[in-house]
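Let us take a walk through a protein together, starting with the whole chain and then stopping at a few pairs of side chains. Keep the picture beside you as you read.

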Amino acid sequence: MKEQRFDLWAAGDAYERYMGRWSRLVADEFVAWLDCADSLRWLDVGCGTAALTATVAARCRPRMVVGLDRSAGFVITARAAAPASACFVVADGLSLPVRDAVCDVAVSGLVLNFLPAPGAAVAEAFRVVGPGGLVAAYVWDYVEGMAFLRHFWDAAIAVDPAASAMDEGRRFPMCRPEPLRALWTEAGLMDVTVTPIEVATVFSGFADLWEPFMAGQGPAPGYVADLAPLTRDRLRDTLRDTVPTRPDGSIALTARAWAVQGRKPVRDRT
């Protein structure tokens, strides 16, 4: 299926320039929001290039922190980027190689919407945390809060109306507060809370914005890679003409993520 090919995430360096630099800003705010105690056992599901894992290792003094990702390429990048205290494993978030109730916190950053069964992933996270354990995640607000992607897809649709089928704002309706709350509640988690996290995404110039779209990592870059050269040039020019630019050539936008957390009940209420 075309969308699945465009959703490919494998090359750590390309991801870092496209999305990782912004994910790290959100990870810092996310971990501060969780406000967890020291010496806990953490699991980062879909760890990517270790933006969240590294933040946990640096800020939370964990007893253990393990990052898992399906992409061997991402795991290689994560091992090189994160503190030595963090461990990484190639594994599927829908079938975690972890025993029941052995973690205190299971987290996930920017991956739930790319899984074929996000409910199953949350159920797995529920399984591996102990009673009272925390399950939390964050996803980009593709509908209206992720400004540079919103500008990109608006430009793409203006050039090629068929691009609307690839627009993450259309494809991932789960990336909004109520669907996230429902997902956590349906998994049996208690005290579910959802909050927005907004960070600045400042590009030094148009090239800094455009060039990561040429790397083929993720839906938007994958869409660009599949375009004929003349259509790609039209998209680039349309985006350059419509994105707000400062007098010095920089482009200052914002990106909003929705974060959700909930706790596993201390005892079975049945």
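We begin with the overall picture and then turn to aromatic rings and salt bridges.

Please keep in mind that what you see is a predicted model. Its chain has 270 residues, of which 55% are buried. The secondary structure amounts to 11 helices and 7 strands. How does the radius of gyration compare with that of a compact globule? For 270 residues, such a globule would have a value near 18 Å, and the chain has 19 Å, which agrees.

The contacts tell you something about how the sequence comes together. Take the contacts between residues at least 6 apart in sequence: 76% of them join residues at least 24 apart.

Now let us look at the rings. A pair of aromatic rings is described by two things, the distance of the centres and the angle of the planes. Searching the whole structure gives 15 aromatic pairs. In one of them, the rings of W22 and F203 have centres 5.3 Å apart and planes at 70 degrees. Why is this pair called edge-to-face? Planes over 60 degrees apart count as edge-to-face, so the 70 degrees between W22 and F203 put the pair in that class. Next, find the two residues along the chain: W22 sits in helix α2 (residues 12-34), whereas F203 belongs to strand β6 (residues 190-203). The pair therefore ties together parts that are 181 residues apart in sequence. Are these two residues buried or exposed? W22 is buried, with a relative accessible area of 6%, and F203 is buried as well, at 1%.

A second pair, F30 and W33, has ring centres 6.3 Å apart and planes at 45 degrees, so this pair is tilted. F30 and W33 are 3 residues apart in helix α2, which means that about one helical turn separates them. F30 is buried, with a relative accessible area of 0%, while W33 is partly exposed at 24%. Rings can also join into a cluster: ring pairs link Y18, W22, F148, F152, W153, F203, F206, W210, F213 and Y223.

Our last stop is the charged side chains. The whole structure holds 16 salt bridges. One of them joins E144 and R176, whose closest N and O atoms are 3.5 Å apart. This pair links distant parts of the chain, with E144 in the loop between β5 and α6 and R176 in the loop between α7 and α8, 32 residues apart. R176 is partly exposed, with a relative accessible area of 24%.

Other salt bridges lie within a helix. R150 and D154 meet at 3.2 Å, N to O; they are 4 residues apart in helix α6, so about one helical turn separates them. R150 is buried at 16% relative accessible area, whereas D154 is partly exposed at 43%. In helix α11 (residues 229-242), R236 and D233 are 3 residues apart, about one turn of the helix. Their side chains form a salt bridge of 3.3 Å, N to O. R236 is partly exposed at 26%, and D233 is partly exposed at 31%. Finally, salt bridges with shared partners join D141, E144, R176 and R256 into one network.

Methods. Residues numbered from 1 in each chain as written. Predicted model: local features only at pLDDT ≥ 70, side-chain atom pairs only at ≥ 80, totals over all residues. Heavy atoms only, no water. Phe/Tyr/Trp six-rings, centres within 6.5 Å; stacked < 30°, edge-to-face > 60°. Buried < 20%, exposed > 50% of the residue type's maximum accessible area, 1.4 Å probe, protein only. Salt bridge = Lys/Arg side-chain N within 4 Å of Asp/Glu carboxyl O. Rg over C-alpha atoms; globule rule 2.2 N^0.38 Å. Contact = heavy atoms within 4.5 Å.
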